[in-house]
Amino acid sequence: MMPHPASAPFGHKRMRLSGPQAFDKNEINSIQSSEGLLEKIIKQAKHIFLRSRTAATIDSLASRIEDPQIQAHWSNINDVYESSVKVLITSQGYEQICKSIQLQLNIGVEQIRVVHRDGRVITLSHQEQELQDFLLSQMSQHQVHAVQQLAKVMGWQVLSFSNHVGLGPIESIGNASAITVASPNGDYAISVRNGPESGSKIMVQFPRNQCKDLPKSDVLQDSKWNHLRGPFKEVQWNKMEGRNFVYKMELLMSALSPCLL
């Protein structure tokens, strides 16, 4: 008796003839009832490569950008074709009040599904630059969300808030965000605009009676109009003291808040 395989079946007869008869890919797929071993290995290799590129992108942003901070928590229970990582964007010292940006990244074979905290789902391709631009836009939005949460804690009133500002310079990465808050007594107002590329721009609005350079008007004769706020003045943010953006904003709000003693 000639030697023959003991446990490995030969499979379908047409599959054995696919080589000599030069079947194309469509014909081979029509014969196979399930996914072949080679296809499984290729899919798993694509997933491992995409997961390593995602980890490298997150680590690069975390080491390059100190404020805000980006943290990645990888799940230990993963599938051979899918992995998950939870990305947190926080500010040092304000982790309890700045929890607005929490992302769940489901890394597949050829794409990445991003699930926001509010349930929104965004699908990204395997391009590394696309993931980096998305994370940069989220880090920019975090600063504006942090100002909103800080205003609630310090008793300031939120006048306006927008994640997608249509005014000002156009950002090549995502959109700029903006927020305007008023002091508890309404005398001062702070306007913040933050973009992924343009950075932060902070403006402060003072009461009219403190603005000496305003021209006198013959129309506004009544003294009650002096209680209105005057024009905005830009803050030299790079000269402010503080370890990060939220800490500087807290010092600015504290200086403009009325004394309750």
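## A tour of the salt bridges

Start by selecting E128, which is partly exposed with a relative accessible area of 32%; partly exposed means between the cut-offs for buried (under 20% relative accessible area) and exposed (over 50%), using a 1.4 Å probe and protein chains only. You are looking at a predicted model, in which local features need pLDDT of at least 70, side-chain atom pairs count only at pLDDT 80 or more, and totals for chains, interfaces and linings use all residues. Residues are numbered from 1 along each chain as its sequence is written, and side-chain values use heavy atoms, leaving out hydrogens and water.

A salt bridge here is a side-chain nitrogen of Lys or Arg within 4 Å of a carboxyl oxygen of Asp or Glu. E128 sits in helix α4 (residues 128-154) and R53 in helix α3, so distant parts of the chain, 75 residues apart, are linked. Helices (H or I, at least four residues) and strands (E, at least two) are DSSP runs, numbered from the N terminus. R53 is partly exposed too, at 23%.

Next, select E110 and K46, a salt bridge with the closest N and O atoms 3.1 Å apart. E110 is in the loop between β3 (102-107) and β4 (112-115), while K46 is in helix α3 (residues 37-64), so this pair ties together parts 64 residues apart in sequence.

For the last stop, pick D118 and R120, whose closest N and O atoms are 2.9 Å apart in their salt bridge. D118 is exposed at 56%, whereas R120 is partly exposed at 46%. How many salt bridges does the rule give? The count is 3.
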